[in-house]
Amino acid sequence: MDTTQVMDQLREAVGIAIKLAAPMLLLSMLVGVVVAIFQAVTQIHEQTLSFIFKLTVVVLVLLIG
């Protein structure tokens with residue numbers, strides 16, 4: 001294998017990793033923003049609240065996927 005083949009394989013591997021991780025990361029980020037807005041509106045400053053919702057969403061996405 002020469003350098004261009006190795007670089008192509010690495011580029012493809014990174015692309016696949018991004019495609020696999022994107023749904024979990026995007027949904028986790030969306031849930032984090034929604035929970036942060038909810039906490040700002042209600043003035044509840046519980047750190048575990050956002051963690052529990054994010055963890056639940058990531059686990060559900062993994063189970064569905």
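Guide: We begin with a term: the bend at a residue is the angle between axes fitted to the seven residues ending there and the seven starting there. The model is predicted: local features need pLDDT of at least 70, side-chain atom pairs count only at pLDDT 80 or more, and totals for chains, interfaces and linings use all residues. Residues are numbered from 1 along each chain as its sequence is written, and side-chain values use heavy atoms, with hydrogens and water left out.

Visitor: Where is the kink in helix 1?

Guide: The kink lies at Ala21, shortly before the proline Pro23, and amounts to about 40°. Helices here are DSSP runs of H or I with at least four residues, numbered from the N terminus.

Visitor: And how many residues does helix 1 have?

Guide: Helix 1 has 40 residues, 3-42, and reaches 56 Å from its first C-alpha to its last. That is close to the 58 Å expected at 1.5 Å a residue, taken as 1.5 Å times one less than the number of residues.

Visitor: Which residues of helix 1 are buried?

Guide: Met24, Ser28, Val31, Gly32, Val35 and Gln39 are buried, that is, under 20% relative accessible area with a 1.4 Å probe and protein chains only; exposed is over 50%, and partly exposed lies in between. The buried residues pack against helix 2 (47-64), where contact means heavy atoms within 4.5 Å.

Visitor: Changing topic, how many salt bridges are found in the whole structure?

Guide: The search finds one, a salt bridge being a side-chain nitrogen of Lys or Arg within 4 Å of a carboxyl oxygen of Asp or Glu. Arg11 and Asp8 form it, at 3.2 Å, N to O.

Visitor: How far apart are Arg11 and Asp8 in helix 1?

Guide: They are three residues apart, about one turn of the helix. An α-helix has 3.6 residues a turn, so residues three or four places apart point the same way.

Notes:
Helix = DSSP H or I, 4+ residues; strand = E, 2+ residues; numbered from the N terminus.
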